[in-house]
Amino acid sequence: MARSGTAVVLEDVRKTYELAEPVHALDGVTLEVSRGSYTAIMGPSGSGKSTLMNLVGCLDTPTEGRVVVDGQDVTTLDGRERTDLRGTQVGFVFQTFNLMPRLTALENVALPQLFQGVGRGERRERARELLERVGLADRADHLPSELSGGQRQRVALARALVNEPAIVLADEPSGNLDTETEADVLDLFAEFHDAGTTLVVVTHERHVAERAERIVHLLDGTIERIEKLESTGEPTSPPGPGVGPRSSRDADAGADGETPGGDGGDRGGDDPTSDADGPGTASDDRDADSSTTDRDDDGGN
Ligand SMILES: Nc1ncnc2c1ncn2[C@@H]1O[C@H](COP(=O)(O)OP(=O)(O)OP(=O)(O)O)[C@@H](O)[C@H]1O
């Protein structure tokens, strides 16, 4: 598939919710996510992290500004086109894993390809490959309830990657894991990043953010600063008090074409979930029937 040099571009993006008092969830954010990069998003509660992820993940559209994913301006797409873009170019990993409980690990990983019209044999082969890559080849036939938290998150990561998306968005991906399991999962993220996957991770945890190449600090809907991190490629150590796995340095915001924004403005509002029909690879609940069919189809193979 043809791909431009950047996975995602946000240009002066604003998102306003029109309540009694308008809420400027994003207030002029300009950011470029280059292919193969690893970005962490941090910021206090209410700073706009989820709103930003919803926009990058094509779950929502901005009130103003442009969001370009894999070379396509999301703001010009209709709902169907946006769903397609999300299904092919965005992989989601959630804190709560969001796996289909009645599908095996293999079926969960294979599921997003079903929506892309990939044939059954190819789906299963690719799912197996990915399960192998995340170290779970021997758990392919296990249900999520038969897997540990770390294993579930590995399955979720494999599922996020199965359509070879332009970008993988992870929301507190290790939030439900103990320290050791978290380190394993973050090591896996690092491995995939080394192999070329573009990652954006939202986290409240400094030591998780420090696995990335840079940290975008949000504050009140704007980019407060972008902190570049020294990339050692070394695996993380379990977090100690005030100790991160990688040394880090502050870097000027706006480096590498990333420009913190934030000059306010008038916006129209809408509900971020109003036209969101679920992440492309995580539309589990809605698609339960088709995925069950997938399981039945695949039975015994
Ligand atoms: N659907 C909505 N309607 C109205 N306001 C909203 C809506 N969604 C988010 N907001 C507001 O937008 C701002 C940014 O919210 P957002 O969820 O993006 O923050 P966050 O940084 O992800 O917070 P947290 O860390 O608590 O999840 C907040 O002030 C929030 O109250």
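Me: At roughly what angle do the axes of helix α3 (residues 105-114) and helix α4 (residues 120-133) cross?
Reply: Helices are DSSP runs of H or I with at least four residues, strands are runs of E with at least two, and both are numbered from the N terminus. Axes are lines fitted to C-alpha atoms, for helices over the stretch in contact, and angles run from 0 to 180 degrees between N-to-C directions. The axes of α3 and α4 come within 8 Å, and they cross at roughly 125 degrees.

Me: What kind of model is this?
Reply: Residues are numbered from 1 along each chain as its sequence is written, and side-chain values use heavy atoms, leaving out hydrogens and water. Local features need pLDDT of at least 70, side-chain atom pairs count only at pLDDT 80 or more, and totals for chains, interfaces and linings use all residues, for this is a predicted model.

Me: α3 and α4 cross at roughly 125 degrees; which word describes how they lie to each other?
Reply: Angles under 35 degrees count as roughly parallel, over 145 as roughly antiparallel, 65 to 115 as roughly perpendicular, and the rest as oblique. The crossing of α3 and α4 is at roughly 125 degrees, so these two helices are oblique.

Me: Is the crossing of α3 and α4 left-handed or right-handed?
Reply: Picture the near helix lying over the far one: if it is turned anticlockwise by less than a right angle the crossing is left-handed, and if clockwise, right-handed. For α3 and α4 the crossing is right-handed.

Me: A polar atom of the side chain of Arg126 lies 3.4 Å from the backbone oxygen of which residue?
Reply: Setting aside neighbours within four places in sequence, Arg126 is in contact with Gln113, Leu161, Val162 and Glu164. The backbone oxygen in question belongs to Leu161.

Me: α3 and α5 pack at an angle of about 25 degrees, with their axes 7 Å apart; are they roughly parallel or roughly antiparallel?
Reply: Their angle is about 25 degrees. That makes the arrangement of α3 and α5 roughly parallel.

Me: How many nonpolar residues are in the contact of α5 with α6?
Reply: The axes of α5 (residues 149-161) and α6 (residues 179-194) come within 9 Å and cross at roughly 20 degrees, so the two helices are roughly parallel. Gly150, Gln153, Arg154, Leu157 and Leu161 of α5 meet Thr181, Asp184, Val185, Leu188, Phe189 and Phe192 of α6. Alongside three polar and two charged residues, the nonpolar ones number six.

Me: Now a strand residue: what is the relative accessible area of Val93?
Reply: Val93 is found in strand β6. Val93 is buried, with a relative accessible area of 1%.

Me: Which residue's side chain makes a polar contact with the side chain of Thr39?
Reply: A polar contact is a pair of N or O atoms within 3.5 Å; within protein, one must be able to donate a hydrogen and the other to accept it, and residues adjacent in sequence count only if both atoms are side-chain atoms. Thr39 sits in strand β3 (residues 38-42) and is buried, at 1% relative accessible area. At 2.9 Å, its side-chain partner is Arg214.

Me: What percentage of the 301 residues in the protein chain is buried?
Reply: The protein chain has eight helices and 10 strands. Of its 301 residues, the buried share is 52%.

Conventions. Buried means under 20% relative accessible area, exposed over 50%, partly exposed in between (1.4 Å probe, protein chains only). Contact means heavy atoms within 4.5 Å. Ala, Val, Leu, Ile, Met, Phe, Trp, Tyr, Cys and Pro count as nonpolar, Asp, Glu, Lys and Arg as charged, and the others, Gly among them, as polar.
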